[in-house]
Amino acid sequence: MQLSERHQEYWRKNLRLTAVLLAIWFVVTFVMIYFAPQLNDIVIMGFPLAFYMAAQGSLIIYVLVIWFYAHRMNQLDLEFGVHEGDEE
Amino acid sequence: MSTQTQSQFFSQLKKYYTFYTGGFIAFVIVLAILERMGLSNQWIGYIFLAATISLYAGIGIMSKTADVSEYYVAGRRVPALFNGMATGADWMSAASFIGMAGTLYLTGFDGLAFILGWTGGYVLVALLLAPYLRKFGQFTIPDFLGSRYGGNLPRTIGVVAAIICSFVYVVAQIYGVGLITARLTGLEFQVGVFAGLAGILVCSFLGGMRAVTWTQVAQYIILILAYMIPVVWLSVNITGNPIPQIAYGQVLEQVTAKEKVFNDPTTTLGAAEASVRAIFKEKQLATEDKIKALEAAMAAGTADTMVGEARAKLDAELAELKAAPEPNAKKIEAKQKEISDLTGPDALLAKLKKAADSAKKSSGPVSQHATPFSGKGAVKKLLKDNPNATEAEIAKAKAEDQAETDKKRRNFIALVLCLMVGTASLPHILMRYYTTPSVRDARKSVFWSLFFIFLLYFTAPALAVLVKFDVYNHLVGSSFASLPAWVANWAAVDPTLMKIVDINKDGLVQLAEITIGGDLIVLATPEIAGLPYVISGMVAAGGLAAALSTADGLLLTIANALSHDVYYKMIDPKASTVRRLAISKGLLLVVALLAAYTASLKPGDILFLVGAAFSLAASAFFPALVLGVFWKRANYLGAVLGMLAGLIVCMYYMYITYEFFGGVAANEWFNIKPIAAGVFGMPAGFLGVIIGSLISRAPSIEIQQLVDHVRYPNLEGDIDTRAA
């Protein structure tokens, strides 16, 4: 079965979204860890910044990243007509 | 039930579980009232154990099924929210529930690698795997490898890798079940193992994935309540704020300030700490001299006299313990074990080395909780020993500190990466996303999974800091004559968790005189917060729920890999439904008994093995799974080479560097610890898939169509890969 131009565009958009979100994941995890000793000089509400990120901040960003991906992809499915039939 | 729509099913589930949560809270309140009226702690333990296990068994019996799709994937109609809770319970093991806060207490910032690794992995699950596996829609992870790459070999390697990872992991869970049952009821550890096993089996045996799913939701609710209630209470006690995750910033500041005082010998507290540390330093030096003497004696062949002396000393200590006015059975048992362990010069040498290490550790300054990758303290030591050190000497010490920091940072990054990728490769987690009704729900379900996991993981660092604050401010400086009740209790019950000795004989507690075992933190929190015993019982029940739910998921993964992938797909594809289920259940029983037997032997390095499972899964599965979706060109030869290369490199690295297998740390590459062996296995796996694919022909049209099929939630004129 041949994929249409629109199908390919859907996949390209998916790849772009995935890449952007993975970049965010990479920055709040590995870049953050690499600079942890420097980041810790910043203190917010008693939390040294790197400690806060590793114990809470990055985790919140992970949850948001996954929420956004699910939300955006479910939207894209409808937009490009590749959504599943209503089983409800 | 099949006529019911998905939304009716969802609202019905919500009603059931709301009712259930209320019931559980009422149950705890009734027990609290009974405790007031004089119910003994032991009976509270029994009631919790019996009530929760029969609850899980009840759900298991209600969900029993003879339908293949119900048995393997819960009928694929688990709503996203509930699949998220089930995944949370499946994921969080005894180690997360009981061990995590303790690890953070003991290691501070450097322990946060586990928090980051075990949550961030879900980003990879969500973005790279879950929706595609759901669309593929079969029963197991080797199923995907088998269909995507064709032939039996990729499937077989997948089965072997799935079994290796899951088996070490399930042994650790059953071990945890034994420990908690023993603690909750006072039964023997071995009896506890098999009692817990009954609880696991009655559930997964009758209803497979369907029963496991609904039990895991129930277990999640118990474990999260049991974790949160004591921490919230402790937070109110210490900070007046019921949201510990916000409040502990200020507490952390005070903890850090206190750590500076402990390390400053010009203050009263600091001077007392320094006097204890000096005693440990002497002990360390004396032990090191003994080690040298023993080594010389071993070379001369006269070591047996030294062993004899050591044994005579232990015998005298044992006699003293037995002659005490109130003999302590636990201490006598420990001493007897010490004597039986002393088999010869090698055992004595190992024991001395361990003693020297722990004395050395206690003689060092307090490490700063929030500081990442602290160096060796070489500069400080140099300036203390020699205030007039030359610039060259200072520069050299600085370089030493920097090298230590770099090494720790490298290991932290490597460990986080292995834990994350391992999370996205463990079959028992990925399998859960086969159970949602649609791709759309699979995506939402990963969100709910991480959300429910996040609730516990962002509380653990807060708990560690709150307990530290309590220890620094209420325990340190108090007099040995009037120790806080929880300290005295735990020191009497289990010296491996809480040991406190007046080393410098000043009658006051110094931080260096306290030895805390990691598991103590969660278990003792209710007592530190001044809550009644019923809450301690609830915490133990929560730990049990965490261990049981993970064990259930893992056992099912192993049994399914054997029955579905090996028996049905490779040996007898014509087997009837009844036969397939019978084989599956039989294997489940065999695997469970085998795992329980292994756990009852109390294998020592269980925690290392669990960590190793992540590295192994990451190396074996991740490259082949992800490239299988995102790179159409990946083919049979690539998958076989990639999975084998990943597994072999990872296992080889552990073999040469981990002492359990006879390796030595000197063999480490870039000073990376064996637990993070996956950082070498993963690249090897990716290279294997890429090279293997490029040197052989592109996969067939059918397989390329399969890739398109998994990439789009719905395609017109699409093939159908769903398993019946």
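Helix H1 (residues 5-34) of chain A packs against helix H6 (residues 112-136) of chain B at an angle of about 170 degrees, and their axes lie 10 Å apart. Here the axes are lines fitted to C-alpha atoms, for helices over the stretch in contact, and the angles run from 0 to 180 degrees between N-to-C directions. Helices (H or I, at least four residues) and strands (E, at least two) are DSSP runs that are numbered from the N terminus. H1(A) and H6(B) are therefore roughly antiparallel to each other, on a scale where angles under 35 degrees count as roughly parallel, over 145 as roughly antiparallel, 65 to 115 as roughly perpendicular and the rest as oblique.

This is a predicted model, in which local features need pLDDT of at least 70 and side-chain atom pairs count only at pLDDT 80 or more, while totals for chains, interfaces and linings use all residues. Residues are numbered from 1 along each chain as its sequence is written, and chains are lettered from A and ligands numbered from 1 in the order in which they are written.

Which residues of the two helices meet? On the side of H1(A) they are A:Thr18, A:Leu21, A:Leu22, A:Trp25 and A:Thr29, and on the side of H6(B) they are B:Leu116, B:Gly120, B:Val123 and B:Leu127. Two residues are in contact if their C-beta atoms, placed from the backbone, lie within 7 Å. Sorted by class, the contact of H1(A) with H6(B) has 6 nonpolar, 3 polar and no charged residues; in this sorting Ala, Val, Leu, Ile, Met, Phe, Trp, Tyr, Cys and Pro count as nonpolar, Asp, Glu, Lys and Arg as charged, and the others, Gly among them, as polar.

We can now turn to the whole contact between the chains, which takes 41 residues from chain A and 48 residues from chain B. On the side of chain B that touches chain A, the elements that give two or more residues are helix H1 (6-36), H6, helix H10 (244-262), helix H16 (391-423), helix H18 (439-457) and helix H28 (701-711) of chain B. H18(B) gives the most to this side, with 10 residues. The residues on the side of chain B that touches chain A divide into 28 nonpolar, 13 polar and 7 charged.

Chain A, taken by itself, has 3 helices and 2 strands, and along its sequence these follow the pattern α-α-β-β-α. Its radius of gyration is 18 Å, whereas a compact globule of 88 residues would have one near 12 Å; this radius is taken over C-alpha atoms, and the globule rule is 2.2 Å times the number of residues to the power 0.38. Along its principal axes, the C-alpha trace of chain A spans about 55 × 30 × 15 Å. Of the 88 residues in chain A, 34% are buried, where a residue is buried if 20 or more other C-beta atoms lie within 10 Å of its own, exposed if 12 or fewer, and partly exposed in between, with C-beta atoms placed from the backbone.

One residue of chain A, A:Met45, lies in the loop between strand S1 (43-44) and strand S2 (47-48) of chain A. The phi of A:Met45 is near 50 degrees, which is a positive value in a residue other than glycine. Because A:Met45 has 12 C-beta neighbours inside 10 Å, this residue counts as exposed.

Chain B has 28 helices and 2 strands, and buried residues make up 52% of its 724 residues. With 724 residues, a compact globule would have a radius of gyration near 27 Å, which agrees with the 27 Å of chain B. Chain B is divided into domain 1 (6-234 + 411-462 + 533-711) and domain 2 (262-410), with bounds that come from an automatic or database domain assignment. The centres of these two domains of chain B, taken over C-alpha atoms, are separated by 38 Å, and the contact takes 10 residues from domain 1 of chain B and 11 residues from domain 2 of chain B.

Two loops of chain B complete the picture. B:Phe373, in the loop between helix H14 (345-363) and helix H15 (378-385) of chain B, has a positive phi of about 45 degrees although it is not a glycine. With 18 other C-beta atoms within 10 Å, B:Phe373 is partly exposed. B:Pro327 has its place in the loop between helix H12 (303-323) and helix H13 (329-341) of chain B, and with 10 C-beta neighbours inside 10 Å it counts as exposed.
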